[in-house]
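Dear colleague,

Please find below the structure that I am handing over to you, followed by an account of what was found in it.

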Amino acid sequence: MSDRRLQVFHAVARLLSFTKAAEVLHMTQPAVTFQIRQLEDQFDTRLFDRTHNRVTLTEAGQIVFEYAERIFELYNEMENAIREMTDDISGSLTIGASTTISEYMLPALLGDFKSKNSDVKLRLRVSNTEGIVSMVENNVIDLGVVEGPVSNKNLLVEVCRHDELVLIVPPHHELAGKSSVSAKDILKHPFICREEGSGTREVTLDYMSAQGIDKHSLSSCLELGSPEAVKGAVEAGMGVSIVSSASISKELRLGSLVPVKLDPPLARDFSFVRQRQKFKVPAMEELLEFARNYCQKAQQEDLVNNPPLA
């Protein structure tokens, strides 16, 4: 319903980038620039300063941005008040998640939700935890699912399930028969880790550091860009790795990998993160309630099918 020029301006003002705004809006950068120029012509003043490859709001731009925030909030409040009154569960939601969560947790969850709510359009963005939180902060996505803690107190964070991390080794590896291993035991073997910025990598390095091991001791490890690549390298005998227990169900069934408990244990939370909204969005509330029930059921099934390692 709202003015397209104001939507484009709002995206650029939030992200302070014409390029990022074009990506978020699925527009070309020249089209974004054209819309901004039209709005500047309407107000007969510049709304952005573009110097030294930086984009900043002018004084007039800051005023327009503040009013745009209020306008879009009222638009959304109006639309959702009508949907709530009519019990209409529709619209579109953009969800963001890390690679691990997007590959092993969300496909089944979103597939089941979509089958029961066909009028809701779902989009998925994949990034690391820091990137997902930033997208939530800037309203690029409606809901984030992250692996690590969130420091922004202005966001709503809700733990959806617990995730244990384990060492994985090939079946005939010398550590495969161990009931547990320490961080120092792991250092004796070639280590395979995720790329810089990965939540799994960060929690692994923090764990090593907490055990008195310099995190730079793993700096020479083989770095790979996805959980599947890491598991494949371990299966091939190239080294050992620490991964989410949620990511190895298939390998456990096939017997291609052996999980070994860490001593002390290493666990983290998967959490939903979203803006603190003044009003309820029916589609979001429906998705959250569905996801809560789904995660609770999945956690219970994990305990039955994959009891804690002795």
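**Findings**

Leu-16 lies in the loop between H1 and H2, where helices (H or I, at least four residues) and strands (E, at least two) are DSSP runs numbered from the N terminus. The model is a predicted one, in which local features need pLDDT of at least 70 and side-chain atom pairs count only at pLDDT 80 or more, while totals for chains, interfaces and linings use all residues. Residues are numbered from 1 along each chain as its sequence is written, and side-chain values use heavy atoms, with hydrogens and water left out.

**Backbone features**

The phi of Leu-16 is near 50°, a positive value in a residue other than glycine. At 40% relative accessibility Leu-16 counts as partly exposed; buried means under 20% relative accessible area, exposed over 50%, and partly exposed in between, with a 1.4 Å probe and protein chains only. Asp-44 also has a positive phi, near 55°. Asp-44 is found in the loop between H3 and strand E1 (48-51), and it is exposed, with a relative accessible area of 69%. A further point concerns the peptide bond that joins Asp-263 and Pro-264, which is cis, with omega about 5°. Pro-264 is found in the loop between strand E11 (258-262) and strand E12 (266-275). For context, most residues other than glycine have a negative phi, and most peptide bonds are trans.

**The chain as a whole**

The protein chain has 12 helices and 12 strands. Of its 310 residues, 44% are buried. Among the contacts (heavy atoms within 4.5 Å) with a separation of 6 or more, 74% are between residues 24 or more positions apart.

**Helix packing around H1**

The axes of H1 (residues 4-15) and H3 (residues 29-43) come within 9 Å and cross at roughly 110°. Here axes are lines fitted to C-alpha atoms, for helices over the stretch in contact, and angles run from 0 to 180 degrees between N-to-C directions. H1 is therefore roughly perpendicular to H3; angles under 35 degrees count as roughly parallel, over 145 as roughly antiparallel, 65 to 115 as roughly perpendicular and the rest as oblique. On the H1 side the contact is made by Arg-4, Arg-5, Leu-6, Val-8, Phe-9 and Val-12, and on the H3 side by Val-32, Gln-35, Ile-36, Gln-38, Leu-39 and Gln-42. By class, this contact of H1 with H3 has 7 nonpolar, 3 polar and 2 charged residues. In this division Ala, Val, Leu, Ile, Met, Phe, Trp, Tyr, Cys and Pro count as nonpolar, Asp, Glu, Lys and Arg as charged, and the others, Gly among them, as polar.

For H1 and H2 (residues 18-25), the axes come within 8 Å and cross at roughly 125°. These two helices are therefore oblique to each other. H1 contributes Arg-4, Val-8, Ala-11, Val-12 and Leu-15 to the contact, and H2 contributes Phe-18, Lys-20, Ala-21, Val-24 and Leu-25. The residues of the contact of H1 with H2 divide into 8 nonpolar, no polar and 2 charged.

**Nonpolar cores**

A nonpolar core is a set of buried Ala, Val, Leu, Ile, Met, Phe, Trp, Tyr and Cys residues joined through side-chain atoms within 4.5 Å. The largest has 32 residues, of which Leu-6, Phe-9, Val-12, Phe-18, Val-32, Ile-36 and Phe-48 touch the most other members. Two or more residues come from each of H1, H2, H3, helix H4 (59-86) and helix H7 (129-137). H1 gives the most to this core, with 7 residues. Not counting residues up to four places away in sequence, Val-32 touches Val-8, Val-12, Phe-18, Ala-22 and Met-27. Another core, of 22 residues, lies apart from it and has among its members Leu-143, Met-284, Leu-288 and Ala-291.

Lys-114 is in helix H6 (residues 106-116) and is partly exposed, with a relative accessible area of 32%. Glu-235 is in helix H10 (residues 227-235) and counts as partly exposed at 37% relative accessibility. Leaving aside neighbours within four places in sequence, Glu-235 is in contact with Glu-251, Ser-256 and Leu-257.

Yours sincerely
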